[in-house]
Amino acid sequence: MKTNPSVFNVFQHSDEYFEMLNDPEHSRKYVFKQMLFILLFSSIYGVVMGSYNGLLQSIATGIKVPCLIFLSLMVCFPALYVIQYMIGSKMTIHQMANIIFSGFIVFSGIALSFSPIVIFFMITGDNYAFLKLLHVAIFAFSGIFAVKTIINGLTFSCEQKNIY
């Protein structure tokens, strides 16, 4: 494993990343680090998303997108944790949070990477319906990779670390 672990390792070195997250020494520290990056990435994408309708809408959407992500996490996390516990998982709450947050990092990172494309279509066209559809497609595309990352993290914990 690298001497300077980063939350960006989830993109290319996912096995090393999940190995690090299973270490109790790193798991608590990375919960807040991942939350910070999710907040930053989703806020920037929200600002770009809302910039079509002016400055106030841009600021409001920059606040709403991270709220949407964190509220969906607060709604779904207890059920995911309880289900994992019921099927025999020995994961701590921090380890489970880190795996879920890694999916949200992938989600917000991929969504943020589409910002130049969104800006291009805002500059070159004046079709608000297309932009809404583009944002839905970006969320769906990002969500697919986020769920894949969460499944990979749970699979790694199950198979490699004998969490079950």
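Visitor: Which exposed residues does α6 carry on the face turned away from its buried side?

Guide: This is a predicted model, in which local features need pLDDT of at least 70, side-chain atom pairs count only at pLDDT 80 or more, and totals for chains, interfaces and linings use all residues. Residues are numbered from 1 along each chain as its sequence is written, and side-chain values use heavy atoms, with hydrogens and water left out. Exposed means over 50% relative accessible area, buried under 20%, and partly exposed in between (1.4 Å probe, protein chains only). On α6, the exposed residues turned away from the buried side are Pro116, Ile123 and Thr124.

Visitor: Within what arc do the buried residues of α6 fall?

Guide: Helices are DSSP runs of H or I with at least four residues, numbered from the N terminus. In helix α6 (residues 115-124), the buried residues are Ser115, Val118 and Met122. They line one face of the helix, because the arc that holds them, seen down the axis of α6, is 60 degrees. That arc is taken from the directions from the helix axis to the C-beta atoms, and its value is 60 degrees.

Visitor: Which residues does serine 115 touch, not counting those up to four places away in sequence?

Guide: Serine 115 lies in α6 and counts as buried because its relative accessibility is 6%. Contact means heavy atoms within 4.5 Å. Once residues up to four places away in sequence are set aside, serine 115 touches Tyr45 and Val48.

Visitor: Is isoleucine 99 buried or exposed?

Guide: Isoleucine 99 belongs to helix α5 (residues 93-113). Beyond its neighbours within four places in sequence, isoleucine 99 has contacts that include Phe18, Met91 and Ile150. Because its relative accessible area is 2%, isoleucine 99 is buried.

Visitor: Which helix supplies the largest share of the lining of the largest pocket?

Guide: On a 1 Å grid over the protein atoms alone, a pocket is an open set of points with protein on both sides within 12 Å along at least five of seven lines, a cavity is a set where a 1.4 Å probe fits but cannot get out, and lining residues have an atom within 4 Å of a point. The lining of the largest pocket includes Met49, Tyr52, Tyr128 and His135. At least two of its residues come from each of α3 (24-50), α4 (55-86) and α7 (128-159). The largest share, four residues, comes from α7.

Visitor: What volume does the largest cavity have?

Guide: Tyr81, Gln84, Tyr85, Ser89, Met91 and Met96 line the largest cavity, and α4 gives the largest share, three residues. Grid points are joined across faces, edges and corners, and a volume is the space filled by probe spheres set on the points. For the largest cavity, the volume is about 40 Å³.
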